[in-house]
Amino acid sequence: MIWQEAALVASKDLRIEARARVAIGQILPFGLIVILLFAFALDPDRGVLARVAPGLFWVAVLLSMLLAVGRAFAIETHHAARDGLRLAGLDGASIFLGKAAAIALQLLLLEVVLGIGVIVLYGVDVHGWPIVLITALAATIGMAATGTLYGVLAAGLRVRETLLPLLMLPVLAPVMLGATRAFEDGLGGVPGDAWPWVAMLTLFAALYTAIGVLAFGALWEEGT
Amino acid sequence: MTTELDRDQLLAPVLRRVLGWSALVSMVALVAFGLFGAPTDAVQGDAQRVMYLHVPSAWLAYLAFFVTAAASAFFLWPRTRATVWDRVAGASAELGVMFTALALVLGSIWGRPVWGIWWAWDARLVSTALLFFLFLGYLALRRIPGGDPVGVAKRNAIAALIAFVDVPIVHFSVEWWRTLHQQATVFNPELNPQIHGVMGLTLWIGTIAFTLAFVYLLDRRYRLAVLEDGQEERALDRAIEDRRSQAVGAGSVS
Amino acid sequence: MSLVVRLRSLVCLLGRFPALAGVDLDVAPGEIVLVTGPNGAGKTTLVRVLAGLLAPHSGEAEVRGHDLFTDRRAARRRTALVGHETYCYDDLTATENVRFFARAAGVRDDGPVRDALERVALGPAADVVHRGLSAGQRRRLALAVALVRDPELLLLDEPHAGLDATGRAVLDDAVRAAPGEGRTVVMVSHELQIARTLATREVRVDGGQVVPIEAAPAPGPTAAGESGR
């Protein structure tokens with residue numbers, strides 16, 4: 001039951017995105033611009049870019065994620081859709097899983113494109129693909145779960161755009177840390193060191209997904 | 001939403017007075033020991049004395065966060081839900097953010113004369129910095145009112161717990177990160193040659209003094225919150241009367 | 001015969017403002033209750049509380065046997081609201097919107113979805129995205145979304161506003177058919193002439209409470225401030 005409802009919510013969000021194309025048309029370009037700006041800031045000729053590429057990649061993803069989460073809840077503010085969803089009788093946990101899944105999918109697509117951007121623009125070589133892919137998956141799920149939780153908390157508040165980053169980014173610092181370190185190992189070719197970080201990312205993802213399933217319903221109800 | 005757990009003050013007046021005076025006395029003792037009683041550090045000189053304030057501040061930052069989280073949990077648990085927990089959570093967070101900022105600033109003041117740096121990427125400092133931002137976010141959220149007081153308090157409580165769950169993850173991942181890079185963990189007092197004797201005693205006095213002060217200030221801030229809420233309830237009763245009286249005059253004015 | 005709605009001394013706050021300041025109301029199954037009153041009286045708040053969207057502050061409140069203080073979510077299950085907003089998604093078609101809410105309410109097939117759209121005369125516009133619908137069409141879509149859920153309690157907040165002749169006909173038919181379909185209706189309206197013919201009972205709200213209904217005011221300057229918007 002909960003999975004069917006979650007799939008219903010996720011497909012609704014994804015269908016809206018397919019029609020409105022905000023993620024593809026605005027958020028993705030934003031991520032690419034950030035990657036570009038880093039190059040301006042760090043001067044491609046000094047050979048720094050390839051070395052710090054993992055960190056820059058994840059910063060770009062994190063900043064784009066703020067927009068994606070904001071957008072995921074913005075669609076519920078038009079025409080009082082949030083009230084409609086509440087009236088619809090869906091379980092809070094289902095809405096959480098559905099929205100988080102939709103955000104995660106969009107983030108993964110974003111990461112693919114930004115990853116290509118980083119490889120091309122910064123001249124990065126990827127040695128350990130398994131590490132890179134698994135890290136990205138674990139980190140993305142953790143980010144999507146946390147984002148969905150804080151997204152609903154901030155949704156509908158007038159200060160949403162400024163409050164959301166302040167709330168989310170400190171909490172996501174460990175994800176940033178772990179994902180970057182794991183990527184460094186994957187890119188540097190010493191995969192052995194990355195697995196503890198991947199374990200931490202997985203733990204984070206599981207933990208915040210569990211919290212989301214439990215707490216989202218209460219937060220969803222209390223908002224305006 | 002008043003239950004038997006709610007009260008006008010956290011501590012009985014007698015207890016509060018005792019606590020206040022103890023805090024004051026231990027602070028004086030801390031100053032005495034910290035400035036005069038403890039010996040001058042052989043390596044760092046007098047600047048090392050900042051540690052007697054820095055370490056207790058940091059301890060208090062984490063204690064305050066724990067109190068906020070525990071109070072939030074008690075609020076969310078239906079059987080113990082009461083306004084007292086919401087107020088304690090907020091009061092503790094305000095004190096916590098203050099002590100976190102103090103710890104960070106003192107760390108800077110300590111570092112500059114001794115190692116010539118304003119900041120070090122030591123695991124503990126970084127974790128404390130993140131704690132500071134977690135506090136700021138929580139307090140920013142608390143400032144935002146909502147429709148239903150219980151609902152708002154629930155929202156704040158959930159937010160506190162979500163952030164609290166992150167604290168150990170932050171702590172361990174940052175710790176791991178910095179030890180892997182094998183930075184000289186100069187800021188770590190435990191790495192100094194054993195702190196014993198008068199220095200250790202002074203640290204203990206500091207910790208006790210700060211903790212006593214924290215509980216005292218928590219009680220006072222709580223009392224302030226009670227007074228603020230009391231004002232709001234009287235205002236609500238007036239508002240309900242005004243609202244009802246709108247109907248009595250209807251028919252002649254729209 | 002248990003009541004569909006039972007309110008006693010209900011106080012409801014919007015921020016610090018007591019929108020409802022002590023409401024007593026009973027609604028029996030099959031009734032069509034018309035709620036009238038001046039602007040700002042608390043009618044919309046009353047409807048939102050009945051829908052389970054607003055948490056009550058104090059008093060007693062039961063909808064379909066569920067306590068609104070402890071069990072709001074369950075109280076909503078067979079309740080539908082047609083309010084000022086349509087609750088629909090701009091980028092989804094009429095059919096997709098209705099289908100989403102139908103599925104959410106546990107309706108598996110597409111049959112009821114098509115039927116609901118036909119019933120509100122949106123068959124031809126079924127594949128138009130919500131953004132492309134006219135205001136009148138959107139109001140009808142909101143009604144379709146409400147009806148496809150097969151509600152026991154149908155709440156209507158100024159449903160006639162923004163409807164054209166087709167829309168009004170559709171709405172009035174739906175309201176008249178409600179008791180026969182096992183539904184109870186609570187309707188807020190300023191369209192007193194139409195609404196009074198549809199309703200089985202009238203309740204007047206003013207200053208956040210239910211007040212006695214005086215004899216219908218004679219048309220003239222004093223009534224002008226109350227009817228219409």
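**Figure 1. Contact of helix 5 with helix 6 in chain C of the predicted model.** Helix 5 of chain C contributes Gly136(C), Arg139(C), Arg140(C), Leu143(C) and Leu147(C), which meet Gly167(C), Val170(C), Leu171(C) and Ala174(C) of helix 6 of chain C. By class, this contact of helix 5 with helix 6 has 5 nonpolar, 2 polar and 2 charged residues. The axes of helix 5 of chain C and helix 6 (residues 165-177) of chain C cross at roughly 20° and come within 10 Å. Helix 5 of chain C is therefore roughly parallel to helix 6 of chain C, the limit for that class being an angle under 35 degrees. The crossing of these two helices is left-handed.

**Figure 2. Packing of helix 4 against helix 5 in chain C.** Helix 4 (residues 111-119) and helix 5 (residues 135-148) of chain C have axes 9 Å apart and pack at an angle of about 140°. That angle makes helix 4 of chain C oblique to helix 5 of chain C; angles count as roughly antiparallel over 145 degrees. Helix 4 of chain C passes helix 5 of chain C in a right-handed crossing. On helix 4 of chain C the contact is made by Pro112(C), Val113(C), Ala116(C), Leu117(C) and Arg119(C). On helix 5 of chain C it is made by Ala144(C), Leu147(C) and Val148(C). The residues of this contact divide into 7 nonpolar, no polar and 1 charged. Leu147(C) of helix 5 takes part in the contact with helix 4 of chain C and also in the contact with helix 6 of chain C.

**Figure 3. Packing of helix 5 against helix 6 in chain A.** The axes of helix 5 (residues 92-122) of chain A and helix 6 of chain A are 8 Å apart, and the two helices pack at an angle of about 135°. Helix 5 and helix 6 of chain A are therefore oblique to each other. Helix 5 of chain A passes helix 6 of chain A in a right-handed crossing. Helix 5 of chain A brings Phe96(A), Lys99(A), Ala100(A), Ile103(A), Ala104(A), Leu107(A), Leu108(A) and Glu111(A) to the contact. Helix 6 of chain A brings Ala136(A), Thr140(A), Ile141(A), Met143(A), Ala144(A), Ala145(A), Gly147(A) and Thr148(A). By class, the contact has 11 nonpolar, 3 polar and 2 charged residues.

**Figure 4. Helix 8 of chain A and its bend.** Helix 8 of chain A runs over residues 195-222 and has 28 residues. At 1.5 Å a residue these should span 40 Å, which agrees with the end C-alpha atoms being 40 Å apart. Helix 8 of chain A bends by about 45° at Ala215(A).

**Figure 5. Contact between chain A and chain B.** Here 23 residues of chain A are in contact with 25 residues of chain B. On the side of chain A that touches chain B, helix 6 (129-154), helix 7 (160-188) and helix 8 of chain A each supply at least two residues. Helix 7 of chain A gives the most to this side, with 10 residues. The side of chain A that touches chain B divides into 19 nonpolar, 2 polar and 2 charged residues.

**Figure 6. Contact between chain C and chain A.** Chain C and chain A supply 18 residues each to the contact. Helix 3 (residues 94-104) of chain C gives the most to the side of chain C that touches chain A, with 4 residues. By class, that side of chain C has 11 nonpolar, 1 polar and 6 charged residues.

Key
Residues numbered from 1 in each chain as written. Chains lettered and ligands numbered in written order. Predicted model: local features only at pLDDT ≥ 70, side-chain atom pairs only at ≥ 80, totals over all residues. Expected span 1.5 Å × (residues − 1). Bend = angle between axes of the 7 residues up to and from the residue. Contact = placed C-beta atoms within 7 Å. Nonpolar A, V, L, I, M, F, W, Y, C, P; charged D, E, K, R; others polar. Axes fitted to C-alpha atoms, helices over the stretch in contact; angles between N-to-C directions. Parallel < 35°, antiparallel > 145°, perpendicular 65-115°, else oblique. Left-handed = near helix turned anticlockwise from the far one by under 90°.
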